[in-house]
Amino acid sequence: MAIKITDECINCGACEPECPNNAIYDAGAAWRFSDGTGLKGIIDFGDGNTLNAEETQAALNDEVYYIVPDKCTECVGFHDEPQCAAVCPVDCCVDDEDIRESKEELLAKKEWLHMEG
């Protein structure tokens, strides 16, 4: 699963620097797969879809900080627990019940994001 930030977020920004995948962005901020990862140029998602890693993507939330699910590994391979949730003063970094991934899938995503494979 991924982590999501609920609308209880107070926009303090404590979570953003803690993410080892640079998956957390300020409200309204555009994002890129290349931000904080090893991904460059055209990336292949393995399902026939490709995308330029440096291409700017639209913000996923205009009101509170947000987490890009395709970049979130729940800190697996980096830390024992999601660091965003550990530092959040209002406990609004929670499991995203709509996105379920096994530890193996999260480790594979980490390796893909950081070009370790």
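**Overall architecture and the setting of Gly 28**

The accessible surface of the chain amounts to about 6,400 Å², and carbon and sulfur atoms account for 45% of that area. The structure described here is a predicted model. Of the 117 residues in the chain, 38% are buried.

The secondary structure consists of two helices and six strands. Read from the N terminus, the elements follow the order β-β-β-β-β-α-β-α. The chain has a radius of gyration of 14 Å, close to the 13 Å given by the globule rule for 117 residues, and is therefore as compact as a globular protein of that length. The C-alpha trace extends over about 40 × 30 × 25 Å along its principal axes. Among contacts between residues at least 6 apart in sequence, 71% connect residues at least 24 apart.

Gly 28 was examined in its local setting. This residue is located in the loop that links β2 (24–25) to β3 (42–44). Its relative accessible area is 42%, and Gly 28 is therefore classed as partly exposed, a class lying between the limits of under 20% for buried and over 50% for exposed residues. When neighbours within four places in sequence are set aside, Gly 28 contacts Ala 59, Asn 61, Asp 62 and Tyr 66.

Terms used
Residues are numbered from 1 along each chain as its sequence is written. This is a predicted model: local features need pLDDT of at least 70, side-chain atom pairs count only at pLDDT 80 or more; totals for chains, interfaces and linings use all residues. Side-chain values use heavy atoms; hydrogens and water are left out. Helices (H or I, at least four residues) and strands (E, at least two) are DSSP runs, numbered from the N terminus. The radius of gyration is taken over C-alpha atoms; the globule rule is 2.2 Å times the number of residues to the power 0.38. Buried means under 20% relative accessible area, exposed over 50%, partly exposed in between (1.4 Å probe, protein chains only). Contact means heavy atoms within 4.5 Å. Accessible areas come from the Shrake-Rupley method with a 1.4 Å probe; for residues, only the protein chains shown count as cover.
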